[in-house]
Amino acid sequence: MIRHATAGDIPRIVRIESQSFKDPYSPLLLMNLLSLYPTGFLLAETHQGILGYTILRIIGGKGHIIGLATDEKVRGKGVGSQLLKKALEYFKTRSAQGAWLEVRVSNKSAQKFYEKRGFQPLRIIKGYYGDREDALLLYHSLSP
Ligand SMILES: CC(C)(COP(=O)(O)OP(=O)(O)OC[C@H]1O[C@@H](n2cnc3c(N)ncnc32)[C@H](O)[C@@H]1OP(=O)(O)O)[C@@H](O)C(=O)NCCC(=O)NCCS
C-alpha cells in the first residue's frame, strides 16, 4: 500500500534515510519537507511496516523526485519500483511534462534502477553534494 506520510512516520523514515545515504536528511529537514509537500510525501507500507518512501514536488511544470529509498532489508523485492511508478503517476495526474532527480555519480545501482525505468542522463552537476561529489541529473519525459 502507498499512503501519505504523517509527522509520526518521520522517525522510521530517518532510519531508512541513514541506511541509504551518506548525508541523510535530518528529522527537521524531513519535517519541513512534509509540511511543504504533504501530498507528495509518500510511503510504501505492508504488514511489515514502512518499507520505503519518496518525496515529490512539482516545480516549473516538471516533477522532481527529492528522495526515494527503501529499507535495505527489502531491496530487490519491487518496493522501489512501486514507489517510482506511483511517483510518475503523481506527476502525470498533475500534468507535469517530465520528471527529474539527482543521483551521486558513484551510485551506479540507483542509476541502473532509474535508467531501466525510462530515465536518461541529462548532465553532471559539479560538486552538488556536501562532500563535493558530482551529481548525475536523470530525466524522464512525460509528454504524450
Ligand atoms: C534504488 C532503490 C530505491 C531501489 O529500491 P528497491 O526496493 O531495491 O527496488 P526494486 O526491488 O524495485 O528494484 C531494484 C533492482 O535491483 C535488483 N536487486 C536485486 N537485489 C538487490 C538488492 N539486494 N539490493 C538492491 N537491488 C537489488 C532488483 O532485481 C531490481 O533490478 P531491475 O532494475 O533489473 O529490475 C534502493 O536500492 C535504495 O533505496 N537505494 C539507496 C538510496 C538511493 O540510492 N536512492 C536513489 C537516489 S534518490
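The residues of the shell around the ligand comprise seven nonpolar, nine polar and three charged. Here Ala, Val, Leu, Ile, Met, Phe, Trp, Tyr, Cys and Pro count as nonpolar, Asp, Glu, Lys and Arg as charged, and the others, Gly among them, as polar. This is a predicted model: local features need pLDDT of at least 70, side-chain atom pairs count only at pLDDT 80 or more, and totals for chains, interfaces and linings use all residues. Residues are numbered from 1 along each chain as its sequence is written.

Of the 19 residues around the ligand, Thr70, Arg75, Gly76, Gly80 and Ser81 come nearest. A residue is near a molecule if its C-beta atom, placed from the backbone, lies within 6 Å of it. Strand E4 (62-70), helix H3 (79-93), strand E5 (98-104) and helix H4 (108-116) each give the shell at least two residues. Helices (H or I, at least four residues) and strands (E, at least two) are DSSP runs, numbered from the N terminus.

Now turn to Ile55, in strand E3 (residues 49-59). Ile55 counts as buried because it has 22 C-beta neighbours inside 10 Å; the cut-off for buried is 20 or more other C-beta atoms within 10 Å of its own, placed from the backbone. Leaving out residues up to four places away in sequence, Ile55 touches Leu33, Tyr37, Gly40, Phe41, Ile66 and Gly67. Contact means C-beta atoms, placed from the backbone, within 7 Å.

Strand E6 (residues 120-125) is hardly covered: among its six residues, the count of buried ones is zero. E6 pairs with strand E7 (residues 135-141) in the antiparallel sense, over five bridges. Pairing requires at least two DSSP bridges between the strands. Pro121 has Leu138 as its bridge partner in E7.

Methods. A residue is buried if 20 or more other C-beta atoms lie within 10 Å of its own, exposed if 12 or fewer, and partly exposed in between; C-beta atoms are placed from the backbone. Two residues are in contact if their C-beta atoms, placed from the backbone, lie within 7 Å.
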